[in-house]
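Dear colleague,

Please find below the structure that I am handing over to you. My notes on its contents follow directly after it.

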Amino acid sequence: MTDGASVATSDLPPSLTADPGISPAELHLAARNHGMPLEALGLDVTPVGLHYLLIHYDIPVIDPATWRLTIGGAVSHETRLSLDDLQARSSVTRRVTLECAGNGRARLSPRAISQPWLNHAIGTGSWTGVPLADLLEEVAPTDAAVELVFTGADRGVEGGQPQAYQRSLTIEQARRDGVVLAYALNGAPLPPQHGAPVRLVVPGWYGMASVKWLQTIEAVTEPFDGYQQTTAYRWRDAPDDPGTPMREIRVQSMLLPPGVPDFATRRRFVPAGPTPLSGRAWSGHGPVTHVEVSTDGGATWVPAQLDPPPDPHAWQRFTCTWDAPVGRHELCSRATDAAGRTQPLEPEWNLGGYGGNAVHRLDVEVTPS
């Protein structure tokens, strides 16, 4: 193959040849959003520009000097805070792995027409902000309050409904340790695309819960029934299935690609002999307890060495050594979490293409040393 624009079908994994093609609508989405390059799995914290990004509508232009956050509704003490007000309070910094709910969607067939993620919709950031529980102590939700509705400044149309992006948490969920109103990422102010000046970060849950460009937090006395809560982001098997809401991230692991890549197919080339392998594993259901690695497409597995989590909701590093023989191989990783959940060998289909956590597979060709 001499031209990067021509790719032989035999060089592509089956998951990329079973579908008739990416639609123009999906190309528009893919041009706006981006995944994390897999080589960033070698870093404990993902640089801001490499962290995955999904923007539902437009990035709003907000002046941090005039921005205000209103916390009201069914509370005893409504408040309106500036960025300075938040930054003057006690802060925490937490390392959190975020994953898009649609990660792996492009590997399903048939697939939902939406952002066509492969495996790359992940990133681990160091988020600094004010614990939401501290602010709830100040405003004191009334006994009638059941949920908090978080509204971002981004607006659009989805499902035929004009809307601002909104999600809710129960009062109990909002008080969990690690839920923060973040104004900094990796030691610097939030960039516009990540929700500046302030966003919500809900550790352990898929990224849709972490509302960006926060404008208001309203305590409500009835469960919130907005589009992003009751229509989108639900596990469904059929259009008439009401589904169940998505929350915690399914157990997941990914291998840091060894060797060097072919430009067009991303097949890896590795010299024969002892080859260090490593990657990251994470779950929203507690820490990962063990990781296995296969070099024959999942026929046999060996345990990897697993580091403890550096933060309760941050990915864990795993390592092992492979004595790589000449030939073509499929490398896989498989994680199990503290709740006993293990990654499936094949993607599990659902209507929205959500929560893809099948074992990660890499096409590797080992060449003579």
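Arg111 and Glu26 form a salt bridge, in which the closest N and O atoms are 2.6 Å apart; the term is used here for a side-chain nitrogen of Lys or Arg within 4 Å of a carboxyl oxygen of Asp or Glu. Arg111 lies in the loop between strand 3 (92-99) and strand 4 (122-131), whereas Glu26 belongs to helix 1, so the pair ties together parts that are 85 residues apart in sequence. Both Arg111 and Glu26 are buried, where buried means under 20% relative accessible area, exposed over 50%, and partly exposed in between (1.4 Å probe, protein chains only). Helices (H or I, at least four residues) and strands (E, at least two) are DSSP runs, numbered from the N terminus.

Before going further, please note that this is a predicted model, in which local features need pLDDT of at least 70 and side-chain atom pairs count only at pLDDT 80 or more, while totals for chains, interfaces and linings use all residues. Residues are numbered from 1 along each chain as its sequence is written, and side-chain values use heavy atoms, with hydrogens and water left out.

The structure holds 13 salt bridges. Another of them joins Asp363 to Arg267, with the closest N and O atoms 3.4 Å apart. Asp363 sits in strand 22 (residues 360-367) and Arg267 in the loop between strand 14 (260-261) and strand 15 (268-271), so this pair ties together parts that are 96 residues apart in sequence. Asp363 counts as partly exposed at 26% relative accessibility, whereas Arg267, with a relative accessible area of 11%, is buried. Arg267 and Asp363 also belong to a network of salt bridges that includes Arg328 and Glu365. Glu330 and Arg361 meet through their side chains in a salt bridge as well (3.0 Å, N to O).

Turning to the nonpolar cores (sets of buried Ala, Val, Leu, Ile, Met, Phe, Trp, Tyr and Cys residues joined through side-chain atoms within 4.5 Å), the largest has 66 residues, and those with the most contacts inside it are Leu132, Leu148, Phe150, Leu181, Leu200 and Tyr233. Strand 7 (residues 180-185) contributes the largest share of this core, six residues. A second, separate core of 18 residues includes Trp322, Ala324, Leu331 and Leu362.

Grid points are joined across faces, edges and corners, and a volume is the space filled by probe spheres set on the points.

The second largest pocket holds about 540 Å³ of space, and of its 26 lining residues the closest to its centre are Arg105, Ser114, Glu158, Tyr233 and Tyr354. Helix 1 gives the most to this lining, with three residues.

Two cavities of 30 Å³ or more were found in a search of the whole structure.

With best regards

Note on methods: On a 1 Å grid over the protein atoms alone, a cavity is a set of points where a 1.4 Å probe fits but cannot get out, and a pocket is an open set with protein on both sides within 12 Å along at least five of seven lines; lining residues have an atom within 4 Å of a point.
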